[in-house]
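Below are some notes for a colleague who has not looked at this structure before. Please read them with the model open.

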Amino acid sequence: MKLVIIGAGFGGLQLARKLRNKAGFDITLIDKVNHHQFQPLFYQVATAGLDASNISFPLRKIFHKSKNIKIRLGEVKQILAAENKLVTDFGDVYFDKLVIATGADTNFFNNTQIAAHALPMKSTIEALNLRYKILQNFEKATELQGSESIEGYLNVCIVGGGATGVELSGAIAEMKKFVLHKDFPELDFSKMNIYLFEGTAKTLEMMQPKSSDRSMKYLQKLGVTLKTNTKVISYNGDKLVTNFNEEIKTKLVIWAAGIKGNIPEGIDATLIARGNRIKVDRQCKVIDSASVYAIGDVAYMQTLGYANGHPQVAPVATQMADMLAKNLYREEMKSGAANFLEFVYHDKGSMATVGRNLAVVDLPKSKISLGGFIAWAIWMFLHLMLILGVKNRLFVFANWLYNYFTYDQSLRLIFKKERDI
Ligand SMILES: Cc1cc2nc3c(=O)[nH]c(=O)nc-3n(C[C@H](O)[C@H](O)[C@H](O)COP(=O)(O)OP(=O)(O)OC[C@H]3O[C@@H](n4cnc5c(N)ncnc54)[C@H](O)[C@@H]3O)c2cc1C
């Protein structure tokens, strides 16, 4: 089977790993970046807590010992399903079976002005760019002491109170508390405000009410100004405006308020559901297609309990990949369609961290909600276990230990010119 996988994120990578060295499979894994990106820790890269290389894994190294996997670095531009062909920026690629695992990108909800000025965080490069911007703004602020325009450089606005927004707000608040005043002693950090905007009444609304309430308490404890039930309607690079006409001067708006599926051209519009996701059946096969599948964030599967599709989280992507690997293997072994599995999501829980010793964990089956140090320890342990590679795991652990005891990190480096940030 000539199997082509687009995207080496959680879903695509898992699928390729499950089918590596399996007889009968000739696999091509295509990604526009040459590494797997561990998105859950982007916020630590953005706030200079972790080095980008600790959470990025070169694809070619991952598949050193795989005889049936070819890696191709490039972007898929178009899917021509009727011809079993992909158009990419490195040429055409043919397949027997195709798996679309292209994940999701930031959704600015067609607000071109916000898209032009706010910063997203959906790739390692964007996380690094955010780091440079945070640091560069304080450098600029030192030049502007005594001037009114300093205000915008000190304020940070984060839009979206989901896990990404909460984790970023907490991490920036900790930077302010423990690090920034030492790096920039001339600046008055009592004038630095960190705002978190959320359109609903609560942060982490998808978690249990207790966890959600805890997250707000923790953020307030760290000095984050919470603006719930508030929508950001415009941002021109200098001034953010909310639906209550409140205006905030800021040079940094981080947009974590929504995502939309990444779909290359060629997928019929009738197959695209809300959130720009591709409609698939219970076996992740694109509706009415014989040879194209979609998994992970880009897949939209309606099942009992998930009428609007599954949550766009890593375990859904990896569990879909596990199921699809088994089905493709059974197909290749000609074990009969009756033996094909249907997807059932096993939700093992959700979690988010707000700061040192402050996290929330939901265990769905028992409806238990944990907070504080114990939740933080669980969060750290599980994230550590999910990181690829023993070396990376050790580095991240060492970094966290160092950070924990010294309240500092020495990664606040700017590798870009100001005009390019
Ligand atoms: C900041 C952040 C924090 C998160 N935290 C958590 C968390 O704590 N826990 C959790 O479970 N989930 C978390 N998530 C969500 C989780 O990362 C996603 O659900 C998961 O990555 C989805 O996996 P995927 O395989 O569908 O897509 P992805 O992992 O996004 O991978 C998609 C891949 O496709 C590639 N690609 C896209 N388009 C093309 C193209 N046209 N051609 C070639 N390659 C292409 C991309 O480069 C990428 O490598 C977080 C996400 C973000 C952004």
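1. L204 is buried, with 26 other C-beta atoms within 10 Å. A residue counts as buried if 20 or more other C-beta atoms, placed from the backbone, lie within 10 Å of its own, as exposed if 12 or fewer do, and as partly exposed in between. L204 is not a glycine, yet its phi is positive, about 50°. Most residues other than glycine have a negative phi. L204 sits in the loop between strand 12 and helix 8 (209-221). Helices (H or I, at least four residues) and strands (E, at least two) are DSSP runs, numbered from the N terminus.

2. The model is predicted: local features need pLDDT of at least 70, side-chain atom pairs count only at pLDDT 80 or more, and totals for chains, interfaces and linings use all residues. Residues are numbered from 1 along each chain as its sequence is written.

3. C284 also calls for a look. Its phi is positive, about 70°, although C284 is not a glycine. C284 lies in the loop between strand 20 (277-279) and strand 21 (292-294), and is buried, with 26 other C-beta atoms within 10 Å.

4. On overall form, the protein has 11 helices and 25 strands. A compact globule of 421 residues would have a radius of gyration near 22 Å, and the protein's value of 22 Å agrees. That radius is taken over C-alpha atoms, and the globule rule is 2.2 Å times the number of residues to the power 0.38. The C-alpha atoms fill a box of roughly 75 × 45 × 45 Å along the principal axes. Of the 421 residues, 42% count as buried.

5. The protein is divided into domain 1 (2-32 + 74-106 + 259-339) and domain 2 (112-257 + 356-420), with bounds from an automatic or database domain assignment. Their C-alpha centres lie 32 Å apart.

6. Which residues have the most contacts inside the largest nonpolar core? They are C157, I158, V159, V253, I254 and A359, in a core of 62 residues. Helix 7 (residues 163-183) gives the most to this core, with 8 residues. A second, separate core of 52 residues includes I27, L86, C284 and M301. A nonpolar core here is a set of buried Ala, Val, Leu, Ile, Met, Phe, Trp, Tyr and Cys residues joined through C-beta atoms within 7 Å.

7. In strand 11 (residues 156-159), V156 and I158 point one way and C157 and V159 the other, and all are buried. Strand 11 pairs with strand 12 (residues 194-197) in the parallel sense over 4 bridges, and V156 stands opposite I194. Strands count as paired if DSSP finds at least two bridges between them. Leaving aside neighbours within four places in sequence, V159 is in contact with residues including G165, F197, V232 and W255; contact is defined as C-beta atoms, placed from the backbone, within 7 Å.

8. Helix 1 (residues 10-19) has 8 of its 10 residues buried, so it is largely enclosed by the rest of the structure. Its buried residues are covered by elements including strand 1 (2-6), strand 2 (26-31) and helix 9 (314-332). N21, with a positive phi near 60°, follows helix 1.

9. An open antiparallel sheet of 3 strands has the order 14-15-16. Strand 14 (232-235) and strand 16 (247-249) are at the edges, each with a single partner strand, so one side of each lacks a neighbour in the sheet. Strand 14 is joined to strand 15 (residues 239-242) by 3 bridges, and S234 has V241 as its bridge partner.

Key:
Two residues are in contact if their C-beta atoms, placed from the backbone, lie within 7 Å.
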